[in-house]
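Student: I'd like to learn how to read strands and sheets in a model. Can we go through one together?

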Amino acid sequence: MADAKAIAKEYALELGFDLVRVTSAEEFAQDRKVTLERMRAGLMDGLPWFNESRVERGSDPAALLAGARSVICLGLNYYRQPDDDQRDRRPAGRVAVYAWGRDYHKVMKRMMRDYVAGMRSRLGQEFAARWYVDDGPMLDRAAANRSGLGWFGKNTNVLTSSHGSWVFLGQVVTDLELEPDPPLKKTCGNCVRCIEDCPTGAITAPYTIDNTRCISYLTIENRGEIPPELRPQMGDWVFGCDICQEVCPVNRNAIPSSSPLQGDGQYSEAPATLDLIQVLEMSEEEFRSRFRGTAILRAKRVGLQRNACVALGNLNAADAVPALCRVLTKGEALVRGHAAWALGRIGGSEARRALDAALGEETDPWVVGEVAAARDYMRGAVS
């Protein structure tokens, strides 16, 4: 159906997608094998929802849609540059670019729903279809790679010729029989910038990530403590991380997005950076109101406050000491422990008094250990 494929591509671009390619509905057998091997090696620990059953199902389009013949792969550019006033605010924590606008899951799914409805109208026929972004079982990067929408970078992101890795991926699985596009013959060559510049060493080998060391995982999906040995390497990141994308030569000429992700007045301004003291002082209601409709809600308030403590410690933000002291006595245990760590890093008489007082009043064993470690660190820094 050559005409159907042409319509599929033209209409995707008309609706605002930046990239569109087609692949077959054959199983992604090799990608499934590699994914399962890495899961069994513990490289995806901490993601209980990403289980073997999900991978088995998501690697076979026919398991997602009976009679599937084709997968239409879509890409939406999300690259943006921070405003100067956001970049210069201190003490501030960085947010990964993908989270600056509205939650892309909702935006992409609405666009894909409209895309399928419009395709049915333009073709003048009904056809079966299901659509996915990365919260569904579909192996999205495998589909993007095989369709030629992009190729695998050594940081495991999909790189595209026109927009680098700054793209959201979506897939429409359909029973339309469309001619597949060929994969690209591109690679990263000898470049290892992403591997060398990852501060936590999460990219353990080309095309391999240890999820438990990745700053994106540590600041978003992780619901527990951040390992003490990784905290200093996290810098000022409080939601996600873009380092491996920022250093990638393919992203050097990235074009800023003009997609609908940038808001329509319903939500607060896209947060390139967050005021960390403000984050520490947020109530649950304020957190939900401030970040309504954005991906930042995924971190939960307690998680974001935990991240803010680590960033403040790394920034050596002396003006945040009063707020950290308040959190040390009134925050949830997870936040109290990381506030203690931050106070130990920043130091000073006020921080020392707060830690001494906490050691006499704290009842949570883990927090007690963090307070003691922070006091020991301060003694070592002074001596």
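Student: Which residue in β11 is the bridge partner of Ala92?

Tutor: Asp275 is the partner of Ala92. This is a predicted model, where local features need pLDDT of at least 70, side-chain atom pairs count only at pLDDT 80 or more, and totals for chains, interfaces and linings use all residues. Residues are numbered from 1 along each chain as its sequence is written, and side-chain values use heavy atoms, with hydrogens and water left out.

Student: How do strands pair in general?

Tutor: They pair through backbone hydrogen bonds, either parallel or antiparallel. Here β3 (residues 92-95) and β11 run antiparallel, joined by three bridges. Two strands count as paired if DSSP finds at least two bridges between them; strands (E, at least two residues) and helices (H or I, at least four) are DSSP runs numbered from the N terminus.

Student: What is the strand order in the open sheet of three strands?

Tutor: The order is β10-β3-β11, with mixed pairing. β10 (237-239) and β11 (273-275) are at the edges with a single partner strand each, so one side of each has no neighbour in the sheet.

Student: And β7: which of its residues are buried on each side?

Tutor: Buried means under 20% relative accessible area (exposed is over 50%, partly exposed in between; 1.4 Å probe, protein chains only). On one side of β7, Val167, Leu169, Gln171 and Val173 are buried, and on the other Phe168, Gly170, Val172 and Thr174 are.

Student: How many bridges join β2 to β7?

Tutor: Eight, and β2 (residues 70-77) runs antiparallel to β7. Asn77 stands opposite Val167 there.
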